[in-house]
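Student: Please guide me through the arrangement of strands and helices in this model.

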Amino acid sequence: MFKVIKNSSVRCKARNYLKYFRYERRSFATSEDLVSSADVVVVGGGIAGCNTLYQLTKRGVNAVLLERAKLTSGTTWHTAGLVWSLRPCDLEVHLLRDSRAVYSGLEQESGEYAGWINNGGMFISRSKLRTQEYMRLHTLGNAMGIPSQVLSPEDAQKLFPILDPSIFKMALYSPEDGTIDPSMACNALIKVATRNGGKVYEDCPVLDIHYAHNILGNKEVTGIHTEKGFIKTKCVVNCGGAWGPRVARFAGVPSLPLIPFKHAYVVSDSVPEIRNCPNIRDHDVNLYIKIQGESCHIGGYESNPHMLDQVCFKLPFFIFYN
């Protein structure tokens, strides 16, 4: 994978990320030998795995996280990191509210900056049907204590000056939305998790998941085999992300409803007018805009994406220039 990076803030972030592979060893990775047993083994050191270990250790569970390379080195480190508050389902709204509470409190809990920025979020509607959908979101949010405001195009432009009010009909603004830096968030989550007794093993690929059948014929996990040894456990949590189907096959699960596909986003040059502006979601054209300082990430989801059967693990290669 090749990326040409012009934005100075993104170049700095990428350089710091690559230093971990050249010079540094992360202090929160466990240096001692692999444990022989654990209540729960989490496979995958991305945002899902780090969150899972964090939540388990807070509840006193003896949990271990295994990462085949370095934490966040899969797909997590370059994700957009957008955190929204409103969804059509009340369960999703509860999950998002809990996630926001975790991310916004990580800095105080871990003692280091976790990358949380509460700059708000805005949904843009270009059609009557989309407007009805956003009005339902607004009503659901009010019922569940999630603040939001219905804005005219002109009022939306006041919050995001470079918007063209002639191309959309209304906007729904959610002031509690924001962004999280995925790598910083994972670092903070793992710092808290290891402080609570969790263990993290990097460069520890999973080779197999052992299981047996009980008297009812159901599968029961008995352990997990890695390059560094065997861990006896009755519970394995698959947080492999794009590599999740491969992990599932170790346990005899032929497939998962998870399909990785190629996605790209564009990082803009400096645009001073957008500093502190809310993030944008435009579902009518499958577009999102994430604000990062005076630049923004612009990404879109294609209607005919290039889907992948297998995902190979490769470290990214960057090209830096001024």
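Student: Which strands does helix α2 lie across, and at what angle does α2 run to β3?

Tutor: The model is predicted, with local features needing pLDDT of at least 70 and side-chain atom pairs pLDDT 80 or more, while totals for chains, interfaces and linings use all residues. Residues are numbered from 1 along each chain as its sequence is written, and side-chain values use heavy atoms, without hydrogens and water. Helix α2 (residues 47–58) lies across β2 (40–43), β3, β9 and β13; helices (H or I, at least four residues) and strands (E, at least two) are DSSP runs numbered from the N terminus. With axes fitted to C-alpha atoms, for helices over the stretch in contact, and angles from 0 to 180 degrees between N-to-C directions, α2 runs to β3 at about 170°.

Student: Which strands stand at the edges of the open sheet?

Tutor: The 4 strands have the order β9-β3-β2-β13, with parallel pairing; two strands pair if DSSP finds at least two bridges between them.

Student: What is the bridge partner of L66 in β9?

Tutor: Strand β3 (residues 63–66) runs parallel to β9, joined by 3 bridges. In β9, L66 has as its bridge partner Y201.

Student: At what angle do the axes of α3 and α6 cross?

Tutor: Helix α3 (residues 90–110) meets α6 through V102, L106, E109 and S110, contact being heavy atoms within 4.5 Å. The axes of α3 and α6 (residues 182–195) come within 10 Å and cross at roughly 55°.
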